[in-house]
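Here are my notes on the model, as numbered points. Please read them with the structure open beside you.

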Amino acid sequence: MRRIGTHNTVVTANPRNVEHILKTNFNNFPKGKPFTEILGDLLGCGIFNVDGELWHAQRKLASHEFTTRSLRDFVLKTLREKVQHRLLPLCDRPARRAAEAHL
């Protein structure tokens, strides 16, 4: 995306493009100084706001937390909570009245 007075920006939601940018060709898409300065107060020097060696160090540290098992456990816990505390109560009232529920 090109806007007057700003830097080039890539915006995509296409899964193949995301993989290309964030995995396959990551080194060709640095965040750069303008990005890190703008979001520095919010993101600090964490993995989402740095490039190069600092990014590699942050990623290595974070990779121990993001195992298949830990992500699966997190998703299951989150889904259980959402179903029990949001979906079931939402469905309960119409079910008691034998009414339709528009989700």
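1. Just after H4, Ala98 adopts a positive phi of about 55°; helices here (H or I, at least four residues) are DSSP runs numbered from the N terminus, as are strands (E, at least two). Ala98 is a residue other than glycine with a positive phi, and it sits in the segment after H4. At 72% relative accessibility Ala98 is exposed, where buried means under 20% relative accessible area, exposed over 50%, and partly exposed in between (1.4 Å probe, protein chains only).

2. Before going on, the conventions. This is a predicted model, in which local features need pLDDT of at least 70 and side-chain atom pairs count only at pLDDT 80 or more, while totals for chains, interfaces and linings use all residues. Residues are numbered from 1 along each chain as its sequence is written, and side-chain values use heavy atoms, with hydrogens and water left out.

3. What does the geometry of H4 itself look like? The 30 residues of H4 should span 44 Å at 1.5 Å a residue, and the end C-alpha atoms are 42 Å apart, which agrees; the expected span is 1.5 Å times one less than the number of residues.

4. A straight helix of twelve residues would span 16 Å at 1.5 Å a residue, but H2 spans only 14 Å between its end C-alpha atoms. Gly44 follows H2 and has a positive phi, near 60°.

5. How many salt bridges does a search of the whole structure find? The search returns five, taking a salt bridge as a side-chain nitrogen of Lys or Arg within 4 Å of a carboxyl oxygen of Asp or Glu. As background, side chains of opposite charge can pair when their charged atoms come close. Three of these pairs are described in the next points.

6. One of the salt bridges joins Lys31 and Asp51, with the closest N and O atoms 3.5 Å apart. This pair links distant parts of the chain, 20 residues apart: Lys31 is in the loop between helix H1 (15-24) and helix H2 (32-43), and Asp51 is in the loop between H2 and helix H3 (52-63). Lys31 is partly exposed, with a relative accessible area of 24%, and Asp51 is also partly exposed, at 27%.

7. An α-helix has 3.6 residues a turn, so residues three or four places apart point the same way. Glu37 is exposed at 53% relative accessible area, and Lys33 is exposed at 59%.

8. Asp92 forms a salt bridge with Arg96, and the closest N and O atoms are 2.8 Å apart. These residues are four apart in helix H4 (residues 68-97), which puts about one helical turn between them. Asp92 is partly exposed, at 33% relative accessibility, whereas Arg96 is exposed, at 69%.

9. Phe35, Leu42, Leu43 and Phe48 make a nonpolar surface patch of about 430 Å². Patches are made of residues with over 30% relative accessible area and no salt bridge, with like charges joined within 9 Å and nonpolar side chains (Val, Leu, Ile, Met, Phe, Trp, Tyr) within 5 Å. Areas come from the Shrake-Rupley method with a 1.4 Å probe, and for residues only the protein chains shown count as cover. Leu43 belongs to helix H2 and is partly exposed, with a relative accessible area of 31%.

10. How many disulfides are there? The count is zero, a disulfide being a pair of cysteine sulfur atoms within 2.5 Å. Cys45, in the loop between H2 and H3, is exposed at 55% relative accessible area. Cys91 is partly exposed, at 29%.

11. Two C-alpha distances complete the note. Asn27, in the loop between H1 and H2, is exposed at 63% relative accessibility. Asn27 and Gly52 are 25 residues apart in sequence and 7.9 Å apart in space, C-alpha to C-alpha. Cys45 and Arg16 are 29 residues apart in sequence, and their C-alpha atoms are 28 Å apart in space.
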